[in-house]
Amino acid sequence: MSPEKTEGGRFINTKAFPKLGHIAAKPALVITPLKEARLFKQPGDQPNILITLQSNQVDQLTDFTSKNIGKKILLMLGKEPLIAPRVLEKIRTPALQISLSEEKKRTRILKALKQLIEKPKH
């Protein structure tokens, strides 16, 4: 993401992400197919979506996050912004959590993520 306009990109300005910034026309990293997407609940917390990456995608995520330490990144599902965290350190884990307080949105996003899970080969 950038405060400056990017060639062919678009400006993210939604209710959930007001005046977030500009994103490039093409994503810097595409992660699909997923290994798993499911709800994960800690006692006393609302459920989060847990996304597990394929083993070959972990290195891609580590490389991407190492180049973006200190920057805000945008995780999107298709054209929908999901979360916009600031990268504090490179991420070396195969699992990511998404916290969405609205249950209907969480259910819809989880259903869409499950469509991106790699189907077993017969």
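Lys19 lies in the loop between β1 (10–12) and β2, where helices (H or I, at least four residues) and strands (E, at least two) are DSSP runs, numbered from the N terminus. The model is predicted, and local features need pLDDT of at least 70, side-chain atom pairs count only at pLDDT 80 or more, and totals for chains, interfaces and linings use all residues. Residues are numbered from 1 along each chain as its sequence is written, and side-chain values use heavy atoms, with hydrogens and water left out.

**Backbone features in the loops**

Although Lys19 is not a glycine, its phi is positive, at about 45 degrees. Lys19 is also exposed, with a relative accessible area of 65%; here buried means under 20% relative accessible area, exposed over 50%, and partly exposed in between, with a 1.4 Å probe and protein chains only. Most residues other than glycine have a negative phi, and most peptide bonds are trans. A cis peptide bond, with omega of about -5 degrees, joins Thr32 and Pro33, and Pro33 lies in the loop between β2 and β3.

**Strands and their pairing**

Strand β4 (residues 48–52) is mostly covered, since five of its five residues are buried. In a regular strand the side chains alternate between the two faces of the sheet. In β4 both faces are covered, with Asn48, Leu50 and Thr52 buried on one side and Ile49 and Ile51 buried on the other.

Two strands are said to pair if DSSP finds at least two bridges between them. Strand β3 (residues 36–40) pairs with β4 in the antiparallel sense over five bridges, and in this pairing Ala37 stands opposite Ile51 in β4. Strands β4 and β7 also run antiparallel and are joined by four bridges, with Ile51 standing opposite Leu96 in β7.

A further antiparallel pairing joins β5 and β6 over three bridges, and the bridge partner of Leu75 in β6 is Ile83. The hairpin of these two strands has two residues between them, and Gly78 takes a positive phi near 65 degrees there.

Helix α1 has 12 residues and reaches 17 Å from its first C-alpha to its last, close to the 16 Å expected at 1.5 Å a residue; the expected span of a helix is 1.5 Å times one less than its number of residues. The buried residues in α1 include Gln57, Val58, Leu61, Thr62, Phe64 and Thr65. They cover an arc of only 165 degrees around the axis, which puts them on the same side of α1, the arc being that of the directions from the helix axis to the C-beta atoms. On the other side of α1, Asn56 and Asp59 are exposed.

Helix α2 (residues 103–114) also has 12 residues, which should span 16 Å at 1.5 Å a residue, and its end C-alpha atoms are 16 Å apart, which agrees. Its buried residues are Lys105, Arg106, Ile109, Leu110 and Leu113. They cover an arc of only 130 degrees around the axis, so they are on the same side of α2. Glu103, Lys104 and Lys111 are exposed on the other side of α2.

**Exposed residues and distances**

Ser55 lies in helix α1, and Lys119 lies in the segment after α2.

| Residue | Relative accessible area |
|---|---|
| Lys19 | 65%, exposed |
| Ser55 | 66%, exposed |
| Lys119 | 53%, exposed |

Ser55 and Pro43 are 12 residues apart in sequence and 29 Å apart in space, C-alpha to C-alpha. Lys119 and Leu34 are 85 residues apart along the chain, and their C-alpha atoms are separated by 9.5 Å.

**The largest pocket**

The largest pocket has a volume of about 1,200 Å³. Of the 44 residues that line the largest pocket, the closest to its centre are Pro27, Leu29, Leu74, Leu75 and Met76. On a 1 Å grid over the protein atoms alone, a pocket is an open set of points where a 1.4 Å probe fits, with protein on both sides within 12 Å along at least five of seven lines, and lining residues have an atom within 4 Å of a point. Grid points are joined across faces, edges and corners, and a volume is the space filled by probe spheres set on the points.

At least two lining residues come from each of β2 (21–23), α1 (55–66), β5 (75–77), β6 (80–83) and β7 (95–98), and the largest share, three residues, comes from β5. By class, the lining has 28 nonpolar, nine polar and seven charged residues, where Ala, Val, Leu, Ile, Met, Phe, Trp, Tyr, Cys and Pro count as nonpolar, Asp, Glu, Lys and Arg as charged, and the others, Gly among them, as polar.
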